[in-house]
Amino acid sequence: MARVSPLMLGAVLGAFALSGCEPEPDPVSPPDDDPTPADSIQRWSDPSVWPSGQVPESGQSVVVPAGSVIELDVSPPALGGLRIDGELVFARRDVDLTADWILVAGLLRLGTEDEPFSHRARITLTGALDVEAAVGMGGRVLGVLPGGRLEVWGEHRTAWTRLSATAAEGASAVQLAGEVDWQVGERIVVAPSGFDPRHAEVRQITGIEAGGLILDQPLDHLHFGEVQTIAGRAVDQRAEVGLLSRAITIRGAGVGDDGVVESSAVGAGGHVMILAGAHARIQGVELLHMGQTGRLGHYPVHWHLAGDVSGQFFRNSAVWRTNNRCVTVHGTDYLEVADNVCYDHLGHGFFLEDGAETGNRLVGNLGMMGRRPDGAARLLPSDDRPATYWVTNPDNHLEGNVAAGSQGIGFWYALPDRPTGPSAGEPDRPRRTPLGVFRDNVAHSNQRGGLFVDHGPRPDLQVETTSYRPIRVPSDPDSEVVPASFENLLAYKNSSRAVWLRGHAHVLRGAILADNQIGATFASSESFLEDALVVGESRNNTTRRDVYRGFEFYDGRVGARRVTFQGFAGAGSIPWSALGYNRRNAFSVHTGNVAEDLEFIDSNVVYLEDPEADKDGDKGAVFLDALGTVSGEPGRWVVANTPFLATPDCTPRGEWNAQVCPGPYVRLLFQSSADFAPMEVVRDDGARERFVGTGNNPARTSVSLVADRRYVFETTADAPDLRLSLRDARPGEWVEVEIPLATAPSRIERDYWAGHPMDPAGSLAEMRAGDGALYWYDAQPGRLHLKMVVRSDRNWAHLRLIP
């Protein structure tokens, strides 16, 4: 949670002090929605209002003094700057205001909640970028200082809708779902329907007909407009259509109403910044050509280290053709960002910056066409994969939002261990914080994935592999786990994967995943896809790409429960399949990964590629068909098609490149301070496999084994401090292990019981007949024999060899 201490507030005030002026330090009072009485208002056009006796002229810097209320009843010439210490109220008429910068320490008002502004108002920010209106704020800024209030009440419009029918390539009209209040001359954007986010298209409305719009130019691409019924569920892939035009516009200099930016102004837009102690309520605004490329903190609209901003909002607005992000929430809590359209943004879009931002509500927003910055334009390393929604603390509310195409990711939960940047030192622990709300969101046409929970920032802002493990008390690592439930996600036409989750205790519930190259992969433990529909190929064939798998097992324990798979019957570089493993995997996999209560329609059920020689995880690929809905035999395992995993009582399934086996399967992990791999593992029937080390680390090895069998581990290494862990097992299951060891260990500890070491057996036969409490060392060949038995109250066994 972002907090603004007196020390931080003082730093903010100092950092943003005007040259020669002191901003009002008192906290802002609750907003007063009542308009100022007419008899107390002075008019900008009245020369007697101004100390010079003249209306401000071009290039002048103007101050609206404290205690005065001035109505902007004319469009003044371009000003050098404008500071509002009193009140400036836009008259109910068409007005343009152009200034190098605008600073609000009093009140700037356009309309009221009860009577929104219905005329045209245009605020243009023109100053040089390197001439600061206030220290740290830069140029071309509309800045709201501590004690200042920004009240912008534009008319509430239909922000976005969807097509009601497919619009073919070359169509010059579109049909819309539901009524809209859009008008001739306004601009709209139509979202892509395929894999390419660049297929979003801006058009101007030239006519209105029943249920639809006539466009100024034919469409260059097909835009899908049907709700399909698949396996009894509605799959809504209708392209979104967003309104870009508003009567109130705040823009950077050098852009036309059509969004075309002059070459001299590229990257040099305006920006709106709201500081701690300020108050801003913004509705019904068009932000065009805003943000400044490569400049930290210079975003289209930005709550900066503002702390608790309950009651403030940015809603029902359009932000497009931006040079740096879309909406930034930085060190700020409880902001409402709702019902907005963000199109064509550079870098991350809806941006929760440091990891200390909590309680914010992002609801009903539409974002599309996130562009990848190059070189110095990339503020963060992660901007290489621009996310429409970049979330650094899970304790926020995301509901009903759409990520409709990015050169990066749709929804990226990029969780730091602790807050970064100016919020460093705040007590938040994002990687342990329970998930707020993630519900009814849509992600499509993203090149690097739809929902991605991984790769959080380090203190240096480079990203690292991240495990999200939500617990009830984030400050206490031993606190109770609170599962994170991602609800009712619709994800389609995402290149790579629709969903990637890494961590512990995640649930993707009620999802519809369709037309993605891969549906979902969980690099997690105790994480499950539940009550979902996964579609390989639907009627939305706008663009086609190879499909690989609907659900991928990985790490674990993970699984799919009560899921319907349809349309995985095709083939490309490999056969499509509903289920599979994340392949070319060098890491350990859980032998208890599970499929439960699944339905398959027109689908190849499973396909497991042949293991690669240097990928130990591929060699351990097994999963449990708990209820028999995969193989037809409850309690059987589906395993990779290798002699080492198979036994004579397995059933080969050629179309799956797999076998169905009775098992049971367990996992044995080796760990040592010295390299122990590569090694050959030979089962008691002669089946063998070579292992090179988990993650290609020769000091750690993970092997999937058939339980209740004997295994010889052949290696040239000598690792007397070896630790062995038998996992994913059931009480009473065992494996016998024979390993080369030049010298007998001084002691062997069983199941972490250091005070009671194991005893040597009198013979190999005695050890084999026992319950795992004895070991046998054969000195002549230098071979250690161990029997690892799972006790009745656990699903694991552990041995530690001490030299």
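Helices here are DSSP runs of H or I at least four residues long, and strands are E runs of at least two. With that in mind, colour this predicted model by secondary structure: the protein chain shows three helices and 69 strands.

Zoom out for the whole chain. Along the principal axes, the C-alpha atoms fill a box of roughly 110 × 60 × 40 Å. Buried residues account for 62% of the 803 in the chain.

Now go inside. Select Leu451, Leu579 and Val630, which touch the most other members of the largest nonpolar core, a set of 152 residues. Stay on Val630 and show what surrounds it: beyond its neighbours within four places in sequence, its contacts include Leu579, Phe600, Phe623, Asp625 and Trp656. Another core, of 26 residues, lies apart from that one; to find it, pick Val255, Leu288, Val402 and Leu490, which are among its members.

Last stop: strand 11, residues 149-153, where five of five residues are buried.

What runs alongside strand 11? Strand 8 (residues 107-110) pairs with strand 11 in parallel over four bridges, and strand 22 (residues 279-283) is parallel too, joined by five bridges. Click Val152 to see both partners: Leu110 stands opposite Val152, and so does Ile282 in strand 22.

Methods:
Residues are numbered from 1 along each chain as its sequence is written. This is a predicted model: local features need pLDDT of at least 70, side-chain atom pairs count only at pLDDT 80 or more; totals for chains, interfaces and linings use all residues. Side-chain values use heavy atoms; hydrogens and water are left out. Buried means under 20% relative accessible area, exposed over 50%, partly exposed in between (1.4 Å probe, protein chains only). A nonpolar core is a set of buried Ala, Val, Leu, Ile, Met, Phe, Trp, Tyr and Cys residues joined through side-chain atoms within 4.5 Å. Contact means heavy atoms within 4.5 Å. Two strands pair if DSSP finds at least two bridges between them.
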